[in-house]
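Biologist: I have a fold open on my screen and would like to learn how to read it. Could we walk through it together?

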Amino acid sequence: MTVDYNTLAKTIAALTEGETDPVALMATVTCEVHHADDRFNWTGFYRVTEPGVLKIGPYQGGHGCLRIPFDKGVCGAAARTGEVQLVPDVDAFPGHIACASSTRSELVLPVFDGTGALIAVFDIDSDLPDAFTVADAEALGAILEQVFAQ
Ligand code: SME
């Protein structure tokens, strides 16, 4: 299965219409994205729960690490810089945190609310090397903005 981002965006918009609870929104986005493409082996959010700290939120897949400081991992890099992290080979990323030994590539996007504040990062892992594209990052970024930055 390969994701159709137009359909995915419409499905998520319909499912989240009128909802403002961040956990309900994160759980719904995670479920729909995770089941949209065979490349996605772990999908989930890490929330900013205090300055400089990410804590796990809704996710699908195997075990996810519970706490990630901003100075650690791919998730920390996305939170610290506010920039998308597209990692074709996690073994080549200094400080990558291996919650699952099967992960080969990763995509992490910062998530902002309507005031522009960083509220979370959205993390997708794949067991395939070099699984993610710039088109994936752009389409997922648009969906996250549609859901969380209104
Ligand atoms: N690999 C991430 C940690 C989270 S797991 O992928 C679920 C990182 O390096 O930040």
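Predicted model: local features only at pLDDT ≥ 70, side-chain atom pairs only at ≥ 80, totals over all residues.

Biologist: Where does Asp 136 lie, and what does Asp 136 touch?

Modeller: Asp 136 lies in helix H4. Leaving out residues up to four places away in sequence, Asp 136 touches Tyr 5, Arg 39, Leu 107 and Ala 131.

Biologist: Tyr 5 takes me to H1. Which residues of H1 are buried?

Modeller: Tyr 5, Leu 8, Ala 9, Ile 12 and Thr 16. They sit on the same side of H1, because they cover an arc of only 100° around the axis. On the other side of H1 you find Asn 6, Lys 10 and Ala 14, which are exposed.

Biologist: And what do the buried residues of H1 pack against?

Modeller: Their partners are H2 and H4.

Biologist: How do I read the two ends of H1?

Modeller: At the start of H1, look at Asp 4: one of its side-chain oxygens reaches to within 3.0 Å of the backbone nitrogen of Asn 6. After H1 comes Gly 18, with a positive phi near 80°.

Biologist: Now for length. What span should helix H2 have, and what does the model give?

Modeller: Count 1.5 Å a residue: the 13 residues of helix H2 (residues 22-34) should span 18 Å, and the end C-alpha atoms are 18 Å apart, so the two agree.

Biologist: Which residues of H2 are buried?

Modeller: Leu 25, Met 26, Val 29, Thr 30, Val 33 and His 34. Their arc around the axis is only 145°, which puts them on the same side of H2. The buried residues of H2 pack against helix H1 (5-16), strand E1 (42-50), strand E2 (53-60), strand E6 (118-126) and helix H4 (134-148).

Biologist: What caps the N-terminal end of H2?

Modeller: Asp 21 does, with a side-chain oxygen 3.2 Å from the backbone nitrogen of Val 23.

Biologist: How should I think about the core?

Modeller: In soluble globular proteins, nonpolar side chains tend to be buried together. Here the largest nonpolar core has 27 residues, and Val 29, Val 33, Phe 45, Phe 122 and Phe 148 touch the most other members. The elements giving two or more residues to this core are H1, H2, strand E5 (105-112), E6 and H4. H4 supplies the largest share, seven residues. Apart from this core lies another, of 17 residues, among them Val 87, Val 90, Phe 93 and Val 121.

Biologist: Last stop, the ligand. Which residues are around the ligand?

Modeller: Among them are Trp 42, Tyr 46, Ile 68, Cys 75, His 96, Glu 106, Asp 123 and Asp 125. For polar contacts, look at the distances between N or O atoms. His 96 has a polar side-chain atom 3.3 Å from a nitrogen atom of the ligand. The side chain of Asp 123 has an N or O atom 3.2 Å from a ligand oxygen, and a polar side-chain atom of Asp 125 lies 2.6 Å from an oxygen atom of the ligand.

Methods: Residues numbered from 1 in each chain as written. Heavy atoms only, no water. Helix = DSSP H or I, 4+ residues; strand = E, 2+ residues; numbered from the N terminus. Expected span 1.5 Å × (residues − 1). Buried < 20%, exposed > 50% of the residue type's maximum accessible area, 1.4 Å probe, protein only. Arc of directions from axis to C-beta. Contact = heavy atoms within 4.5 Å. Polar contact = N/O pair within 3.5 Å; in protein donor to acceptor, adjacent residues only side chain to side chain. Core = buried A, V, L, I, M, F, W, Y, C linked by side-chain atoms within 4.5 Å. Near = heavy atom within 4 Å.
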